[in-house]
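These notebook entries record what I looked up in one structure. I set them down in the order in which I consulted the model.

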Amino acid sequence: MIDELVPAHIRGLDVYQPGKPIEELERELGITGAIKVASNENPLGPSPRALAVLPAALASLHLYPDAGGFALRRALADKLDVKLDELALGNGSNDILYQLVLATCAGTDEVLTHKYAFLSYRLAAQIPGQPFVAVPTTAAYGCDADALIAAITPRTKLVVLGTPNNPTGSIVSRADAKKILAALPERALLVIDEAYVEYAAAWPEIDHVDGLALFRSHPRVIVLRTFSKIYGLAGLRVGYAIAPRVVCDMLGRVGRTFHVGSLAHVGAVAALADDAHVAQSAAQARAAIEKLRAEVHGPGVTVLPSLANFVLIDCGRPSTPIYDKLLRAGVIVRPLAAWGLPSCLRVSVGRDQDMPRVIGALNECLA
Ligand SMILES: Cc1ncc(COP(=O)(O)O)c(C=O)c1O
């Protein structure tokens, strides 16, 4: 019966596997005090400025939110020095990627990225039935600009690149971004997913592309950002695109009405002004990543560089048994077999007080 009800491209979809909830592990093992470093959340918590303004917004929950998101777009426009109509909001930045595929792709139009890109890019293409193309990466799991360019065809419509990329932590250099843009067909758009951009700002000595600068200099660049990561508002579900006016207009047509809630609007405006929380979070993540890279060891183990709030650990052998062992030690990380990286784990930065236990458990399980 399912064959008749559901088209083949939907039946074949992978189900996104989120990190295991702490409560679930504690229930299963009968333990308390488990640590979750599996979902790239901000261990410092939500922006305190957002927390301060949210209670007052509760009294207006009987009203629909501003569908145009004026206050948040105004705040973003001022902060980023872009025009109001170059901003579109979404129920998280993932939502905007889904909208982008709907708004721009038809027929055989392809979504192009690399093999170890964020899983949502695949889903965003495949749910509406668009072809998805993922090219091989460099040996270090980074974007191979030449391989990407070689895969561009007359059907390419969206080229999607995360930088820093999830789950590899790899970045796209300025030179590679330029090269890709030079090869971008007239009919295609380059989408730069900057979910972790505020974290990358803590590594000024490392060359990586500046999506906003690229947007200003090229008419077919779209930048996606989110309040889920450094701002600590993953539960509110709000992200934004900086995009050409015509693209924002199309996003407005395909997005569901009232898809960003009123608490998300209010919280995001306040968080955007919370420079202290952003700076503190970026510095904490950098220090934790440096610690993970310096202190996690094991035979055949490599902790890859990262400018985000997580690291990719290549265990040099199947990682799922190591993931299971870590669970039994009360530490939840992310196994990456489902992402095509069966020897790898992704470990998010934890709270400072939790890092010694995370590193200790990793070293024990990787020994
Ligand atoms: C690279 C990347 N893009 C987008 C997102 C999704 O963010 P949002 O919560 O805004 O949908 C994530 C979340 O993990 C991510 O890692």
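The entries below go from the whole chain to its sheets, helices and single residues.

**Entry 1: Ground rules.** I note that this is a predicted model, in which local features need pLDDT of at least 70, side-chain atom pairs count only at pLDDT 80 or more, and totals for chains, interfaces and linings use all residues. Residues are numbered from 1 along each chain as its sequence is written, and side-chain values use heavy atoms, with hydrogens and water left out.

**Entry 2: The whole chain.** I looked up the secondary structure and found 16 helices and 13 strands. These are DSSP runs numbered from the N terminus, helices being H or I of at least four residues and strands E of at least two. For overall size, I found that the C-alpha atoms fill a box of roughly 55 × 55 × 50 Å along the principal axes.

I then asked how much of the chain is buried. Buried residues make up 54% of the 367, where buried means under 20% relative accessible area, exposed over 50%, and partly exposed in between, with a 1.4 Å probe and protein chains only. The chain exposes about 15,800 Å², and carbon and sulfur atoms supply 58% of that area. Accessible areas come from the Shrake-Rupley method with a 1.4 Å probe; for residues, only the protein chains shown count as cover. Among contacts with a separation of 6 or more, 73% join residues 24 or more positions apart; contact means heavy atoms within 4.5 Å.

**Entry 3: Two domains.** The domain assignment gives domain 1 as 2–46 + 276–366 and domain 2 as 48–274; such bounds come from an automatic or database assignment. Their C-alpha centres lie 23 Å apart. To the contact between them, domain 1 gives 36 residues and domain 2 gives 38 residues.

**Entry 4: The seven-stranded sheet.** I traced an open sheet with the order β2-β8-β7-β6-β5-β3-β4 and mixed pairing. Two strands pair if DSSP finds at least two bridges between them. At the edges are β2 (87–90) and β4 (132–135), each pairing on one side only. From one strand to the next the twist averages 20°. Within this sheet, β5 (residues 156–162) and β6 (residues 189–193) run parallel and are joined by five bridges; L161 stands opposite I192 in β6.

Helix α12 (residues 245–254) lies across β2, β6, β7 (221–226) and β8 (239–242), at about 30° to β2. Axes are lines fitted to C-alpha atoms, for helices over the stretch in contact, and angles run from 0 to 180 degrees between N-to-C directions. In helix α7 (residues 119–126), S120, Y121, L123, A124 and A125 are buried. The buried residues of α7 pack against α6 (93–104), β3 (110–114), β4, β5 and β6.

**Entry 5: The four-stranded sheet.** A second open sheet has the order β9-β10-β13-β12, with antiparallel pairing. Both β9 (302–303) and β12 have a single partner strand, so one side of each is left without a neighbour in the sheet. Strand β13 pairs with β10 (residues 310–314) over five bridges, D314 having C344 as its bridge partner. With β12 (residues 334–335), β13 forms two bridges, and P335 stands opposite L345.

Is β13 enclosed or open? Five of the five residues of β13 (residues 344–348) are buried, so this strand is largely enclosed by the rest of the structure. One face carries C344, R346 and S348, the other L345 and V347, and all are buried. In a regular strand the side chains alternate between the two faces of the sheet.

Entry 6: Leaving aside neighbours up to four places away in sequence, G267 touches A50, L54, L233 and L236. On the same terms, A270 is in contact with R49, A50 and V53. From G267 to V53 is 6.8 Å, C-alpha to C-alpha, although 214 residues separate them in sequence. A270 and K178 are 92 residues apart in sequence and 34 Å apart in space, C-alpha to C-alpha.
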